[in-house]
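Here is a short briefing for a first look at this protein. Begin with the overall fold, then turn to what lies inside.

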Amino acid sequence: MEIKHKERRVPVQDRAIKRVNRILDTALSLMADPAHKKVTTHLIAEHAEVSVGSVYQFFPNVESVKIALIERLLGQYYEHFSATVEANPNISDLSAFSHLLVTTTYEFYQAHPDVIEQIVASSTSQEFNEVNAQLNERIHSLMLNHLLTQNLDVAPATLSRKISVAIATGDMMTMFIWSANDDKERQAYLDDWKSLADFYSSQV
């Protein structure tokens with residue numbers, strides 16, 4: 001789900017792809033380490049054992065590295081959600097799907113708690129919005145196609161609209177959950193989201 005920004009070169013050859021992944025893996029490790037309060041391109045290059053020029057060849061600045069990490073992480077999020085749907089073929093209503101979104105979001109947070117800060121910090125940028133919009137399109141398509149196979153007595157257009165509302169709600173609740181101050185507040189947001197998810201069962 002990679003967005004090709006004008007200022008960022010996308011690797012094509014295997015060697016370049018491996019180098020970019022090494023840079024991203026290093027950046028991820030540095031951002032998750034509280035000892036490094038400020039991550040720079042020079043620091044990434046040093047720890048990745050590549051030249052600064054190699055970093056700049058693909059990433060003009062640290063922000064572009066963060067966006068690339070977000071692309072990769074949200075891609076992993078989608079794969080996890082998709083696998084969860086595949087493992088639960090009997091899901092037959094939007095409420096159940098919304099609960100899956102709650103579960104996968106929280107699991108994603110637990111797997112990447114430190115990197116979530118980077119996502120929240122970049123959440124107002126145009127680049128993040130582009131990446132997130134593409135993720136939402138994939139989730140919408142997955143949910144719609146699955147539910148349409150369940151022979152629900154709902155017009156496809158209505159179902160599509162309801163899914164869009166569920167995803168938009170999920171976007172808002174996700175940011176609340178990721179930016180919560182502590183586990184108690186995070187759990188409260190999770191419970192609120194589940195209540196909203198239950199509301200859909202009476203609407204579809």
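The protein chain has nine helices and zero strands; helices (H or I, at least four residues) and strands (E, at least two) are DSSP runs, numbered from the N terminus. This is a predicted model, in which local features need pLDDT of at least 70, side-chain atom pairs count only at pLDDT 80 or more, and totals for chains, interfaces and linings use all residues. Residues are numbered from 1 along each chain as its sequence is written, and side-chain values use heavy atoms, with hydrogens and water left out.

**Whole chain**
- Of the 204 residues in the protein chain, 44% are buried (under 20% relative accessible area, 1.4 Å probe, protein chains only).
- Among contacts (heavy atoms within 4.5 Å) with a separation of 6 or more, 70% join residues 24 or more positions apart.

**Helix 7**

**Nonpolar cores**
- A nonpolar core is a set of buried Ala, Val, Leu, Ile, Met, Phe, Trp, Tyr and Cys residues joined through side-chain atoms within 4.5 Å.
- The largest has 35 residues; Phe81, Phe97, Phe108, Ile139, Met143 and Ile163 touch the most other members.
- Helices 4, 5, 6, 7, 8 and 9 each supply at least two residues of this core.
- A second, separate core of 20 residues includes Val20, Ile23, Val39 and Phe58.
- Beyond its neighbours within four places in sequence, Ile163 contacts Leu94, His140, Met143, Leu144 and Leu147.

Conventions: Buried < 20%, exposed > 50% of the residue type's maximum accessible area, 1.4 Å probe, protein only.
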